Structures are given as C-alpha cells and as structure tokens.
Amino acid sequence: MASELIRKAKVPTLAGADAAEITAGCDQCGDSLTGLRVVRRPVGASMRAFCCNGCAFIAEQLFLAQAGSRDRALLNASIAAEAEASSAAFEAATAAGSHLQLSIRGMVCSACALMIEQSVRSVAGVTKASVDFATHTAYIAFDPKQVTRGELQRAIERAGYDAGRVPRDDVRIDAQVRRIDLLRVVIAWLAATQVLMLSLPLYVAAPGAISPEIERLLQGGSFVLILPALLFSAQPLYRAAWSQLRMWRMVAIGLELPTVIAISVAVGASAWGAILSRGPIYFDAVALVIALAISARWVLAGGVSNARAHVDAARRRSTSALRLVAFPSSLATESVTAQQLKPGARVLVPPGEAVPSDGVVVHGRSSSSQASLTGESLPVEKSAGAPVLAGAINLDQPLVIEVARGGTESSTLALQRMAEEAGRERPRTDELATRFAVPYLWLMATAVLTTLLGWLLVEPAQAVPSAIAVLIAACPCALLLASPAATAAAQSALARRGVLVARNCAIEALAGADVLACDKTGTLTTGEPRLLRQLLLRTADPEYILAIAAAMETLSTHPYARALIGAVQSLGKSLPPLTDGRVEASAGIEATVGGRRYRLGKIEFALVDKQAAQRADVGAIAAREGLHAASTIVLSDADGPVALFVFGERLRDDAASMIDTIAESGVEPILISGDRRAPVHAVAASLGIERALAHQTPHSKCEWVVSQQRAGHKVAMLGDGINDAPALARADVSIALADGSATAQARADLIVQSSRLADIEYAFTVARRAMRLAHQNLGLALGCNVSFIALAMLGITSPAVAVVGTAGSALIVLGNAARLLRSEDIRPGGAKRARSARFGSSGTT
C-alpha cells in the first residue's frame with residue numbers, strides 16, 4: 001500500500017526517457033529533476049542526466065578517477081568541456097604552448113605590475129601575461145618555439161625587477177625580503193635621529209654663536225648621514241614613483257610621486273645651499289619624511305606577510321600523503337607530498353584526513369565528505385572500486401586508494417588553476433590616498449607656479465627660494481601616512497582577534513562592500529551532522545530509545561555516532577550497557593542492549609530477511625514527513641523497526657547574529673552553495689536570508705560574482721571550501737575560515753583564524769571605522785599641508801618650521817589612527833533575533 005501511494009505521488013508529465021530521468025533524479029546527488037533544466041552529459045559510454053553542471057563535473061571527475069589510464073583519452077575530452085567552461089581564457093591561451101609562473105621581487109605598487117605585464121607582452125611569442133601584485137607572481141602563456149623562459153625573465157629584469165621560478169615550499173625569500181625592508185627602516189631612523197642631532201644646535205644657538213666653519217661641518221655631516229637613507233631606504237619610494245610616471249596612462253598616480261619630487265628638490269636645494277654656505281638646509285626634514293614613509297610601508301607589509309606565512313603553513317599541511325611502500329604485503333608507509341604521487345601508487349587515508357589525489361578505493365569501506373569540493377553536506381559511502389576525489393575527507397574507516405591522476409593533474413589542482421584565473425580577472429582598485437594624488441599634484445604645481453610669479457613681481461631675488469620652500473612645504477608626508485596609518489591600526493585590531501589581512505586594500509574594500517555572498521556547508525553551518533528528529537515507529541520511551549542508539553554508536557567513529565551521543569549528553573542521560581557488539585563498515589551496528597538484539601544503520605542493514613518487506617512502510621513514513629531528501633538511519637529489533645533518526649547540518653552558534661548585523665549595516669547577505677535545494681533553502685529560511693542559490697558549481701559561483709560586479713555592486717565573498725576558491729579570488733574582497741581548505745585561504749583577503757563568524761562582524765565594523773578615520777586623516781593632513789604651503793608662499797618659513805610641521809602633522813595623523821586601537825565601542829551591535837541553533841523541524845516525535 002505504501003509503495004502504491006509513493007507511485008501515485010509521482011507527477012508523470014513527461015514520457016519516455018525524460019520521465020525516467022525525473023523519476024530517478026540526478027545521477028550524481030539524487031535530487032529531483034522536476035522543474036529544473038536537465039543537464040545531459042556523456043560519462044563513459046552512456047548519456048546521464050544531472051541537476052546542474054556541478055554534479056556533471058563531479059561525476060566526470062569520479063569516472064575519470066575510477067577509469068585511471070584505461071580510458072584516459074576519451075575521458076580527458078569530457079573533462080576538457082568543463083575546464084573550458086570554467087577557465088577558458090587562460091587555458092585557451094596555453095593550449096598551444098607553455099605557461100610559466102614567476103616570482104617577482106622588487107614590486108612596490110600596482111603600477112609595477114602593469115609595467116611588468118607591458119614588458120612581457122612586448123616579447124614575440126607571448127600570448128598572455130598577467131601579474132598579481134598581491135602574490136607578487138607573474139602568469140605567462142607563451143610559445144616555446146619563439147621564446148624561451150630565460151628571455152622572459154630577462155624581459156622582466158629589463159623593466160627593473162627580479163624574476164625567479166615560484167618557490168612552492170620555501171619561504172626563505174619572503175623572510176629575506178622582510179629583513180631587507182626592516183634594514184631600510186632601521187637605517188632611515190638612524191639617519192633621521194643623527195641628522196636631527198646635528199641640526200638641533202643650529203636651531204637653538206644664538207645668532208653668531210656657531211662659527212661658519214662649524215656650521216658648514218654640521219651641514220656636511222648631515223648630508224653624509226642622509227645619503228644611506230636616500231640611496232637605500234628611500235629606494236621603494238623612488239621605484240614606485242618611477243613606475244607610476246612611466247605607466248601614468250594606465251594607472252593612477254600615487255602620493256609617492258609628489259613625495260619623491262619634494263624629497264629630491266629639498267636634497268638638491270640643501271646640497272646647493274651647503275656648498276655655497278647660504279640658503280636653508282632641509283636635510284633633517286627629508287630624513288624624517290623618509291623614515292616615516294618607509295615605516296608605514298613596512299608595518300603594512302608585515303600584516304600581509306603574516307597572512308602569507310599562515311597560508312604557506314596550511315598548504316604544507318594539506319599536501320602530505322602516506323604512500324604505501326609494499327601493499328598488500330605490508331602497511332608500511334612513507335610521508336610524501338601530494339605532488340610526488342604518480343598514477344598507480346597506493347596511499348593510506350586514515351579517518352579524518354583528506355584524500356591527497358584522485359583515485360579509486362582498493363581496500364576498505366568508509367564514508368567521505370565532499371563538502372569542500374561540491375558543497376554537498378551529506379556523507380558519501382565509499383567501498384572497493386569506488387572513485388574518490390582529491391580533497392574529500394575520509395570520515396569513518398581507513399581506506400587504501402590507488403592514485404589515478406598525479407598531484408599536478410588532480411581535480412583540486414584544476415580548481416586552483418580556476419581560482420588563479422579568477423584572481424587575475426579581479427577588478428583593479430585604487431586605494432583611498434591614491435585618488436587624492438593627482439589633485440594634490442596639481443595643487444603643488446599651482447602653488448609653486450603662483451609663488452614663483454608672485455615673488456618675481458615683488459622681489460625677484462626671493463622668487464626661486466620661495467618656490468623651493470613651497471615645494472618642500474607641500475611634501476605630502478602626512479597624506480602619505482593618512483590611509484596607511486588607519487589601515488595599519490585596523491590590521492592590528494583585527495590581529496588581536498585572530499583575523500589576518502592578506503591584501504592592504506582589503507580593509508577599504510570590506511568597508512565598501514554592499515553584498516556578502518556566503519557559502520553554506522562549513523561556513524554558516526558547522527559541517528558536522530546533528531540529530532534533527534527522532535520518529536518513533538512504535539510506542540516506546542523516546543529518551544530510552546535514543547540512549548540505546550547512542551550506546552550502540554559508541555562502537556563507531558562515524559559523524560552520526562557523535563551526533564547521537566551528543567544528543568543524549570545534552571539530555572543529561574546515561575548510556576545503557578551493551579554486549580556482543582559488531583560493526584559492519586558503511587552499513588551499521590548490531591548489539592545486545594537490555595537483553596534485546598538491535599540493529600542500527602541503513603535501512604537495508606536494519607531490516608533484513610523477513611523484515612525486508614517493512615522497508616517500504618518506513619519509506620512511506622519518511623516521504624509523508626518530507627524526509628525523502630534527508631539523511632536517516634533506522635533502529636530495529638526482532639519485532640521490526642523501532643525508530644527513525646533524521647540528521648542534518650547545524651548552524652554555527654553565531655551565524656544568526658552575524659547575518660543580522662550585516663543586514664542591519666546595509667549589506668545584503670546572499671546564500672550561494674553547491675548543495676541541494678532543500679538544505680540550502682532551509683538554512684536561508686532559518687537565517688532570514690531572502691536570496692539563496694543552490695546547485696552552484698565553482699564556475700557558476702564565479703560568474704555570479706562577476707554579474708553582481710557588472711551591476712555595480714561591491715561583493716564580499718565568505719567561504720571555506722576548495723569549490724569557493726574561484727569566487728573568493730574574483731570578489732572585490734574575500735574572507736576565508738582557517739578551518740577550511742588551504743586553497744580557499746590562499747585566495748582570500750582576510751583569514752579568520754578562529755573560524756568564528758562573530759569575528760567577521762568585527763571585521764566589518766573595524767573596516768568601516770578605519771575608513772572613517774582614514775577620511776579624517778586625509779582632511780587633517782590636507783589642512784596641515786595647505787597651511788604650510790600658505791606660510792611658504794608668504795615667505796614665512798624656515799628649516800625648523802619644516803621639521804616641526806613634518807613631525808607635527810605626522811603625529812596628528814598617527815594619533816588619530818591610534819584611536820581605533822583604544823576604542824571600546826568597536827563591537828558589533830544591533831538587535832539580534834532569537835533563533836534555534838538547529839534549522840528545520842526539531843524535537844522528538
């Protein structure tokens with residue numbers, strides 16, 4: 001009867017093959033195809049139906065892993081179709097040639113990246129070139145018949161930068177660069193303090209108290225002391241200014257250019273004055289400007305360096321594998337990197353570990369989580385002969401995998417390449433201070449020209465010295481510090497909460513975001529299943545039945561076991577003793593509790609032999625309760641089914657608060673997931689998210705981000721899985737959780753080490769506060785500089801005023817930015833809606 005009711009519930013609107021597809025559902029995830037545009041894709045020798053391109057892609061990858069090298073030519077063509085849809089631009093450019101990644105050293109701003117791109121593209125044989133300033137990496141596609149790698153490196157070196165092969169597992173170069181930058185800061189401050197000491201007697205001594213010889217000696221000593229700061233410490237400022245000047249048609253001029261102009265004029269005029277023993281000397285002011293500017297750059301680079309170190313450590317942890325030396329005669333293993341695995345190798349994957357490469361199970365039975373690859377929240381059973389993908393997490397029992405595709409050809413690497421391509425297409429953004437640079441440059445030029453012409457009419461002999469004084473007074477030291485000081489304060493405040501900033505402009509981008517796209521599995525939810533419902537199938541004490549199931553699950557390490565045991569512990573109940581326990585991998589548990597024999601697990605395991613006829617009745621009850629797409633297990637005894645346990649995801653404790661706060665601040669939260677429609681919409685409804693997108697592939701997530709950007713939105717992306725990496729790389733600003741995949745963290749701008757969503761609330765709050773302080777700093781700095789320029793235009797200036805003005809304006813800006821660290825009111829606020837930590841139906845039936 002139950003089977004008849006289920007058959008009548010079907011809606012046979014199509015005939016033939018289409019009707020069969022709707023009845024059977026998606027060939028990968030099993031979700032209903034009703035109302036969807038069916039995706040048909042040849043997998044092997046048969047045509048299969050899927051609910052979306054993501055399921056089709058995963059099915060092709062699994063089939064390729066299972067087939068190994070046997071059908072490689074046929075299956076590679078199938079995989080190429082998805083690769084073309086996901087990363088067509090770069091792959092098409094490299095299909096007929098080679099591609100190369102080079103680590104670039106010496107870049108100081110985004111103009112440097114554009115200059116390198118232009119230099120490489122001018123080489124014959126280069127089909128595509130892009131430079132990622134955030135990672136200091138060049139991606140080059142070229143024809144090896146026309147150009148060699150050495151010629152490409154020399155092209156980059158001719159542009160004034162060092163190029164080398166990307167060091168995958170070596171961070172020594174980054175540490176060396178940090179030491180050199182620190183040395184620049186130390187030398188700059190040593191020079192500044194020593195020059196100020198030599199200048200102080202000239203400021204405080206009475207007129208005539210210091211002889212001309214001693215005065216020239218002090219001025220000469222200042223000139224000698226400032227040379228190391230000028231030639232070594234200030235080199236990044238000069239390189240940035242030169243790059244901006246050469247690329248002014250393609251990139252916005254930064255504040256480095258007016259700063260370098262003022263420094264150069266001040267040094268030249270001071271050297272000339274020292275030689276002729278007349279005119280003001282500004283060596284001390286120049287040294288102070290260099291020290292302050294280089295220090296700000298070093299502090300910001302330090303925060304980025306910490307984030308990169310965290311990502312490098314995560315990558316090293318995630319790429320290890322246990323290769324079996326002599327399986328099956330021995331289970332001895334050796335630790336290798338995933339990139340070292342070759343097709344045919346056997347690897348051991350313990351419970352809780354990630355599969356290192358695409359392959360096929362040759363020994364063992366277990367369940368695996370593919371959430372980081374597909375967004376699918378439910379575990380997938382794996383046994384001998386089943387294909388597995390790199391990045392899937394083994395949940396239950398140890399598995400022995402035979403590698404089908406090496407580390408450099410795995411599906412994980414394909415997603416990484418997709419993420420890299422998306423990152424190269426990310427819109428370039430100008431930092432806040434950069435947008436003020438060109439107007440300020442015009443202000444400097446106007447002030448200098450006005451002063452020169454005005455004094456020529458009044459007192460020609462004072463025209464040139466006054467114009468030089470105006471140019472020195474216009475040095476935008478405070479403006480150069482305005483935005484970096486606020487950004488550095490925000491970095492420090494976030495670091496206290498364990499949030500690492502991997503890109504300097506991420507703070508400004510986060511403050512300006514108006515859309516927050518959130519992944520579901522492992523991001524808004526814990527990714528760990530929880531008991532949602534208990535349906536009694538006969539009259540019994542529900543708490544005792546739950547305790548029986550939990551006691552049996554103590555023999556298992558499956559995630560459902562932890563869920564049942566946790567549910568009993570939350571009730572404060574003790575577990576009854578059991579005897580004669582037996583575990584059948586990936587099927588269930590059999591044991592004696594209270595003198596009765598119970599079976600707990602899949603319906604096929606729990607109801608066997610004469611009880612098999614009752615499976616249809618249990619299925620009808622599940623369908624009536626709307627559990628056809630849910631994950632369930634059955635408890636039975638000799639008399640038949642006793643209870644049905646329903647499992648699902650659990651919201652993170654702070655997910656509701658985070659979504660509420662983000663929405664109240666004017667940012668629209670949107671749920672975008674690769675999981676099925678039912679769990680995606682259940683989470684969205686529980687959190688009050690109005691827009692939710694299910695069945696999203698890595699490519700479709702990235703395309704959705706692009707569509708939002710074209711509509712004028714600033715998109716922030718929050719995710720944790722490998723499948724989120726392309727969208728993270730393409731978004732205006734991206735946030736990854738540290739307990740997620742290393743691939744996602746590598747493409748993120750902010751990394752939340754605690755994985756608490758409350759820290760994301762805090763990051764939005766700090767970013768907005770930092771930008772308010774940055775705007776205040778720009779106003780204060782501009783006011784100070786305009787005042788100094790006005791005094792210089794009137795001839796009311798001196799080297800002492802220049803030093804005091806430089807130091808004073810810098811202290812004002814730094815002190816204002818420091819308020820962010822002292823603030824006690826940087827707390828996410830807003831009304832919070834009370835909400836259950838579990839979504840969907842709850843309680844005990």
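Analyst: Happy to! Glu584 is partly exposed, with a relative accessibility of 31%. Keep in mind that this is a predicted model. The partner of Glu584 is Arg582, and the closest N and O atoms of this salt bridge lie 3.6 Å apart. Arg582 is partly exposed too, because its relative accessible area of 36% falls between the 20% and 50% cut-offs.

Next comes the pair of Arg599 and Glu590, a salt bridge whose closest N and O atoms are 3.0 Å apart. Here Arg599 has 17% relative accessibility and counts as buried. Glu590, at 14%, counts as buried as well. Both labels follow because buried means under 20% relative accessible area.

Asp653 and Arg650 meet through their side chains in a salt bridge, at 2.8 Å from N to O. Asp653 is exposed, with 64% relative accessibility, whereas Arg650 is buried at 19%.

As for the background, side chains of opposite charge can pair when their charged atoms come close. The structure has 19 salt bridges, among them the pairs Arg582 with Glu584, Arg599 with Glu590, and Asp653 with Arg650.

Key
Residues are numbered from 1 along each chain as its sequence is written. This is a predicted model: local features need pLDDT of at least 70, side-chain atom pairs count only at pLDDT 80 or more; totals for chains, interfaces and linings use all residues. Side-chain values use heavy atoms; hydrogens and water are left out. A salt bridge is a side-chain nitrogen of Lys or Arg within 4 Å of a carboxyl oxygen of Asp or Glu. Buried means under 20% relative accessible area, exposed over 50%, partly exposed in between (1.4 Å probe, protein chains only).
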